[in-house]
Amino acid sequence: MSEAVTTPAAPAAPATAVATHCPYCALQCGMSLRPSAGSAEVPLEVVERPDFPVNRGALCGKGRTAPAVLSSRVRLTGPLVRCPDTGVLKSASWEEALAAVAEGLSRTRADHGPDAVGVFGGGGLTNEKAYTLGKFARVVLGTSQIDYNGRFCMSSAAAAHQRAFGLDRGLPFPLDDVPRTGCVILVGSNLAETMPPALRYLTELRANGGKLIVVDPRRTRTAEQADLHLAPRPGTDLALALGLLHLVVAEGRVDEEFVRERTEGWEAARAGAMAHWPELVERITGVPVPLLRDAMRMFCDAESGMVLTARGPEQQSKGTDTVGAWINLCLATGRAGRPLSGYGCLTGQGNGQGGREHGQKADQLPGYRKLDDPAARAHVAGVWGVDPDTLPGPGRSAYELLDALGGEVKALLLMGSNPVVSAPRAAHIEGRLRALDFLAVADVVLSETAELADVVLPVTQWAEETGTTTNLEGRVLLRQRAITPPAGVRTDLEVLHGLAALLGREKGFPTDPEEVFDELRRASAGGPADYSGISYRRLREENGVFWPCPEEGSGGEGALPESTAGEGAGRPEPRVRVPHPGSPRLFLDRFATPSGRARFVAVAHRAAAEETDADYPVVLTTGRVVAQYQSGAQTRRVAELNAAAPGAFVELHPRLAERIGVAEGERVAVVSRRGRAVAPARITAAIRPDTVFMPFHWPGEGRANTLTNPALDPVSRMPEFKTCAVRVEPASPRP
């Protein structure tokens, strides 16, 4: 529990509209903010930006209502420190709060060593914050125990990207290419609810004569737009992709020239696919063979094609192999490394792409460098002014770090995440957080995780600070401050600067975001995710810049030659140095592997970590709804969004509802080996009879992640959010 914090008057709004971007999903939709005409409490309102190419002015309800969270009625406006006598969070000064955090972290290091201190970041942090957080963990704390909640989002796709292409960028092409391709296979994504402004790309695809195939166990609003909907049993996407590749081979649709000239590893991948004949795949997935053939032919008949995946196939204990199988399908048909073709991941979190590039992952340094690479360590250590040997090695992945809390990891600094709601096996993780000797949380609201903290640090929101994000296309963008934050709130950069100083590092942690970004540019230079040619000036003048983008003036693609002839002078002019234009489209000439070839990876279907049985005969899958976002810590504080999506529910098929004896709206209990969740029944024929669906935005008895399975992918360390065995029953017997 906590005492109320005195709330100051709302800060003054800007005199004119400020161009910026939405704080929510990875589209990072363009918007402008101007003074509000209708509310003194919420000083800003959103104005459309039709000039920004990603959303062309369109916004969903979350983006349109985003300024509501700026209200002092719903956000934190001053630090809180837990009173040791009463156990209550009380208002405190910044000096008191920062001193308490520094003391808690330093005491733990002194008593138990640096790896007893953990750091947990978030995919919503700007590039500057993510970069500084990773630097703080490794330079100030000296801990290897840092990871972030983006591990729960697109880590399997990132790992598969690296294996196949040698580089991970969510989309290797701009979204504008999608309507111009011939066929899209959309796997495990409900764009209509998770990224509503992006749905227009699919409707334009079909208007242009292209075909859309949607793979989803539910007939979602997105699936309703499809030319063909495949509804596999959750956890069987790998078998489905292998079955389609089998049919490609069997019907002679392999692009032999592309495979020969631009790939390697085909024979082993081919053998793996041929072990998954159509009838076997039908038995595993529940998708009839005729539909498998229809999908394969629709994809191969088009002159170009794309496969786009989201959390459905990725959040599995075999997610890396599953994505790899879909990439194999693209490679075998020549739909990669060519215009209007390729594989892409629809990254979910606002800075999910940039957040995994600049050092808050357990195994990573800025620029998407590897922490165990001596050359990478030397380069980054040089930028940081430290000895490479002092940098710790790779640490635990996100779930493994959370699972170690209260054991080997005794203190935690957490920024921009709410694992009490968002982590798998959430009741267990809540218990681990409670077992910590010390917990500090920096957030904009008093989330369910912040309520457990010893110290809560109130930080600025997107409209109150400047910083960069990188959207799902790899387009680096600039969010610009539109309003002065309340007096009792500081930026995350100011928090880390203050803590670093108290812990003995008075220099090296600037608070100016542009200064941090310039350092990030130097740290990323020459790395896979090279931002060195991107500047705040360019980002203000352009609609974003795609990485990789080497240093300004260094030449590269689009640069002019060393010299040009002077007009009539008969002698060369001085060299003209032209900024690198950025890289909207990757792999058209070569892939980022040592050989320049894309790599097939041989994979085979395997069962989910937890299959159904007599005690738990139904499959649970989870996801989002249009009016809420992630753990709901912010969107659940917006009245308009709560009116549209007031709470959790259990979606189940009429046959299952009849079998267990529940009617629409009655409370249903969903029970797994990890716990029990209760929510009203929502009965629909749009879901498979053997499957139930729950959204994961709510805490309390409707918390879906109480049920989910933390079984990890062996490569990406992604938990298996998308499938686990449950039983479904009335929450209480009928009278």
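This is a predicted model: local features need pLDDT of at least 70, side-chain atom pairs count only at pLDDT 80 or more; totals for chains, interfaces and linings use all residues.
Biologist: In which helix is Asp 237 found?
Modeller: The helix in question covers residues 237–250, and Asp 237 lies within that range. The helix is α7.

Biologist: Is Asp 237 buried or exposed?
Modeller: The relative accessibility of Asp 237 is 7%. Buried means under 20%, so Asp 237 counts as buried.

Biologist: How far apart in space are Asp 237 and Arg 540?
Modeller: In sequence, 303 residues separate Asp 237 and Arg 540. From C-alpha to C-alpha, their separation in space is 42 Å.

Biologist: How is α7 oriented relative to α13?
Modeller: Two packed helices are described by the angle between their axes and the distance between the axes. For α7 and α13 (residues 319–332), the axes come within 8 Å and cross at roughly 20°. Angles under 35 degrees count as roughly parallel. Therefore α7 and α13 are roughly parallel.

Biologist: How many nonpolar residues does the contact of α7 with α13 have?
Modeller: From α7 come Asp 237, Leu 238, Leu 240, Ala 241, Leu 244, Leu 245 and Val 248, and from α13 come Asp 321, Thr 322, Ala 325, Trp 326, Asn 328, Leu 329 and Ala 332. By class, the contact of α7 with α13 has 2 charged residues, 2 polar and, as the number asked for, 10 nonpolar.

Biologist: What is the handedness of the crossing of α7 and α13?
Modeller: The axes of these two helices cross at roughly 20°. As α7 passes α13, the crossing is left-handed.

Biologist: How is α7 oriented relative to α11?
Modeller: The axes of α7 and α11 (residues 289–301) come within 9 Å and cross at roughly 65°. The range from 65 to 115 degrees counts as roughly perpendicular. So α7 and α11 are roughly perpendicular.

Biologist: What is the handedness of the crossing of α7 and α11, and how many charged residues are in their contact?
Modeller: The crossing of α7 and α11 is right-handed. Leu 240, Leu 244, Leu 247 and Val 248 of α7 make the contact with Leu 292, Arg 293, Ala 295, Met 296 and Cys 300 of α11. By class, the contact of α7 with α11 has 8 nonpolar residues, no polar ones and, for charged, 1.

Biologist: How is α7 oriented relative to α9?
Modeller: The axes of α7 and α9 (residues 266–274) come within 8 Å and cross at roughly 105°. Because 65 to 115 degrees counts as roughly perpendicular, α7 and α9 are roughly perpendicular.

Biologist: How many polar residues are in the contact of α7 with α9?
Modeller: Leu 242, Leu 245, His 246 and Val 249 of α7 meet Trp 266, Arg 270, Gly 272, Ala 273 and Met 274 of α9. In the contact of α7 with α9, 6 residues are nonpolar and 1 is charged, while the number of polar ones is 2.

Biologist: Which residue does a cis peptide bond join to Trp 547?
Modeller: Most residues other than glycine have a negative phi, and most peptide bonds are trans. The bond in question is cis, with omega about 0°. The residue lies in the loop between β21 (545–546) and β22 (598–599). Trp 547 is joined by this bond to Pro 548.

Biologist: What is phi of Arg 717?
Modeller: Arg 717 lies in the loop between β28 (709–712) and β29 (719–720). Arg 717 is partly exposed, with a relative accessible area of 24%. Phi of Arg 717 is positive, in a residue other than glycine, and is near 65°.

Biologist: Is Gly 359 buried or exposed?
Modeller: Gly 359 is in the loop between α14 (352–355) and β14 (364–365). Residues touching Gly 359 include Gly 134, Arg 138 and Ile 146. With a relative accessibility of 2%, Gly 359 counts as buried.

Methods
Residues are numbered from 1 along each chain as its sequence is written. Side-chain values use heavy atoms; hydrogens and water are left out. Helices (H or I, at least four residues) and strands (E, at least two) are DSSP runs, numbered from the N terminus. Buried means under 20% relative accessible area, exposed over 50%, partly exposed in between (1.4 Å probe, protein chains only). Axes are lines fitted to C-alpha atoms, for helices over the stretch in contact, and angles run from 0 to 180 degrees between N-to-C directions. Angles under 35 degrees count as roughly parallel, over 145 as roughly antiparallel, 65 to 115 as roughly perpendicular and the rest as oblique. A crossing is left-handed if the near helix is turned anticlockwise from the far one by less than a right angle, and right-handed if clockwise. Contact means heavy atoms within 4.5 Å. Ala, Val, Leu, Ile, Met, Phe, Trp, Tyr, Cys and Pro count as nonpolar, Asp, Glu, Lys and Arg as charged, and the others, Gly among them, as polar. Lists of a residue's contacts leave out its neighbours within four places in sequence.
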